[in-house]
Amino acid sequence: MSEERSLNFIEEIVEEDIAAGKHGGRVLTRFPPEPNGYLHIGHAKSICLNFGLAKKYNGKTNLRFDDTNPTKEETEYVDSIKEDVKWLGFDWAEELYASDYFDKLYNFAVTLIKKGLAYVDDSTAEEIASQKGTPTEPGTPNEYRNRSAEENLQLFADMKAGKYQDGDKVLRAKIDLASPNMLLRDPLIYRIKHAHHHRTGDVWCIYPMYDFAHGQSDAIEEITHSICTLEFVSHRPLYDLFIEELNIFPSKQYEFARLNMTYTVMSKRKLLQLVNEKHVESWDDPRMATISGLRRRGYTATSIREFCERIGVAKRENMIDFSLLEFCIREDLNKTAWRRMAVLDPIKMIITNYPEGKTETLHGENNPEVEGGDGGRDMPFSNELWIEREDFMEEPPKKFFRLGVGLMVRLKNAYIVKCDDFKKDANGNVTEIYCTYIPESKSGHDTSGINVKGTIHWVSVPHAKTAEVRLYDRLFQVEDPSNEEGDFKDYINPNSLHIISNAYIEADLANAEMGKGYQFIRKGYFTLDKHSTADKLVFNRTVTLKDGWAKKG
RNA sequence: UGCCUGAUAGUAUAAUGGUAGUACGACGGUUUUUGGUACCGUUUGUCUAGGUUCGAAUCCUGGUCGGGCAACCA
């Protein structure tokens, strides 16, 4: 019984094209990042769409770096992008670069000039801007617009040859200075930049603009469906126009709404600012909505793919609740993460009727969601345990199913204990609590007949290991920081990182593996940070468990 | 302001002229050696005003509101 999922609008287009026999039913998409930053969750949506579409319709996807602006692009970014796409679980057909096509693009420009459809303009940026007119007034042509093809050819060759400085001249397409679409008012298609390119080095000093590179690159690769975000809708006429005038492969552009998510920002410019201004540690800071940040935080590729599946693809603007991403990672980790015990805010419990110095080995399964428990591990038990401070109350309210004088709980995988007494220091802080255990209530062999409502986690004091545990909260205090008054950075959550330097963890956690998710029972999902060492374990909290009790309080 | 887009529960997303459905959330319950999970139930919606039609979320017209474009960025 495969439930029938309806198609999104792009899948509909693809199916229509296949049915119509367009391109012989071939599907070739591309994922075209500019290597000027790290990929974020918004890119994941595009990646899943492009690669997912190809997979579904027996097609392929190219990874193409849109590297036409040498001043912003770096090899470091290329490497991180490739790593992230692979990690998400996708394989590209070919790794390509817009810069691979610089010769072809140059020749395309020459073709345009010969057809009288492009000219070299000596105006300054300001002059060009003012001559463009406004939405209500048409632009005005300047003296350069009527240069002959011969002259333009020579000037353009001179631009390429490095005879001019940055900004001296540009090549513009000659289209329509009165067009209601401002992008058609003779857009710039080549500019001079004496800058080192991360791949072509210093071979070029003129570089094509996006509009004169993207569509042509698609055409060169014979991309059948070029999928981009909504802000490129008004570029589509240009995309189509150049393809038509150059008489090259008729790739088609389709636009969908980009992902927006609450409590975060989703633009490379802003993410770069957060890194540069040290609001976060790095691009892969676990609070960042980057793929690498989410990975370091403990998100799995499966959960991110599932998220992208659930948010859907449409043309209307959207704002996805961050909690949906959290749902996806909980759903995945619940099925895969091994259960372990860790006490983050410790208080000592002394079991007065358990022999001092005795160690008992108890057993717990790795994951109750898996048939057979997915194996298990031993855990030492003794008369002194660390338990969570919040699991004891001096004056427990009704329905508090944990500890207070006279109350009983089960220690997970161990015994039922009854709280008899506690001790406070001079400041009134509880320092120790005293319990008696029920010997007949041993986990798995309980003959006590006692039923308790609560079960709490614990770690044996003499056997506990310590670890640094980093708890993360949302990076911003408001749902849509980009849309608030003033600077988005004014809304950064000052408490987005809470470091617990000495958490007590059960002994087996010394064997924790990098990249694997663990559930600290009742506390959430955690994973080893990349800076963790054998001497100093560091765990990142991926996400808390859903907490129905906290909500009522 | 000109052009382009879009508008379905709190948030997303279906219904392609024929019963407005699904997921997440919220709320309530059952189970539970995680106040987790699982399971069950409840809740809330077609921007607005007209028109076409036996029948409109869907088609038409006007309005309202949101987003994009006017970079030598992509």
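## Ground rules

Buried residues are those under 20% relative accessible area, exposed ones are over 50%, and partly exposed ones fall in between, using a 1.4 Å probe and protein chains only. This is a predicted model, in which local features need pLDDT of at least 70 and side-chain atom pairs count only at pLDDT 80 or more, while totals for chains, interfaces and linings use all residues. Residues are numbered from 1 along each chain as its sequence is written, chains are lettered from A and ligands numbered from 1 in the order in which they are written, and side-chain values use heavy atoms, with hydrogens and water left out.

Helices (H or I, at least four residues) and strands (E, at least two) are DSSP runs numbered from the N terminus.

## Two loop residues with positive phi

Let us start on the outside. At 69% relative accessibility, Asn247 counts as exposed. Asn247 sits in the loop between α8 and β9 (252-256), and its phi is near 55 degrees, a positive value in a residue other than glycine.

Lys399 is exposed as well, with a relative accessible area of 62%. Its place is the loop between β15 (384-388) and β16 (408-411), and its phi, near 65 degrees, is positive in a residue other than glycine.

## Aromatic pairs

Searching the whole structure turns up 24 aromatic pairs. Rings of Phe, Tyr and Trp (its six-membered ring) pair if their centres lie within 6.5 Å; planes under 30 degrees apart count as stacked, over 60 as edge-to-face and the rest as tilted. Phe102 and Trp204 have ring centres 5.9 Å apart and planes at 70 degrees, so this pair is edge-to-face. Phe102 belongs to helix α4 (residues 102-114) and Trp204 to the loop between β6 (188-192) and β7 (206-208), so the pair ties together parts 102 residues apart in sequence. Phe102 is buried at 2% relative accessible area, and Trp204 is buried at 7%.

Phe156 and Tyr190 also pair up: with centres 5.2 Å apart and planes at 70 degrees, they are edge-to-face. Phe156 lies in helix α6 (residues 149-160) and Tyr190 in strand β6, so the pair ties together parts that are 34 residues apart in sequence. Both Phe156 and Tyr190 are buried.

## Lysines over rings

A charge sits over a ring if NZ of Lys or CZ of Arg is within 6 Å of the ring centre and within 35 degrees of the ring normal. Lys453 lies over the face of Phe401, at 5.3 Å from the ring centre, and Lys516 over that of Tyr518, at 5.9 Å.

Val110 is in helix α4 and, at 16% relative accessibility, counts as buried. Leaving aside neighbours within four places in sequence, Val110 is in contact (heavy atoms within 4.5 Å) with Leu153 and Phe156. Val110 and Ala157 are 47 residues apart in sequence, with 9.1 Å between their C-alpha atoms.

Ser292 lies in helix α10 (residues 291-297) and is buried at 6% relative accessibility. Not counting residues up to four places away in sequence, Ser292 touches Tyr38, Asp84, Trp283 and Asp284.

## An enclosed helix

Helix α7 (residues 214-221) has 7 of its 8 residues buried, so it is largely enclosed by the rest of the structure. Those buried residues are His214, Gly215, Gln216, Ser217, Asp218, Ala219 and Glu221. Their cover includes β1, β2 (60-65), β3 (95-97), α4, β8 and α8 (236-246). Just after α7, Glu222 takes a positive phi of about 60 degrees.

## The largest pocket

The largest pocket has a volume of about 1,100 Å³. On a 1 Å grid over the protein atoms alone, a pocket is an open set of points where a 1.4 Å probe fits, with protein on both sides within 12 Å along at least five of seven lines, and lining residues have an atom within 4 Å of a point. Grid points are joined across faces, edges and corners, and the volume is the space filled by probe spheres set on the points.

The lining of the largest pocket consists of 38 residues, of which Pro32, Glu34, Tyr210, Glu231 and Phe232 lie nearest its centre. At least two lining residues come from each of β1 (28-31), α2 (41-56), β6, β8 (225-229) and α9 (268-276), and α2 supplies the largest share, 4 residues. By class, the lining has 15 nonpolar, 11 polar and 12 charged residues, where Ala, Val, Leu, Ile, Met, Phe, Trp, Tyr, Cys and Pro count as nonpolar, Asp, Glu, Lys and Arg as charged, and the others, Gly among them, as polar.
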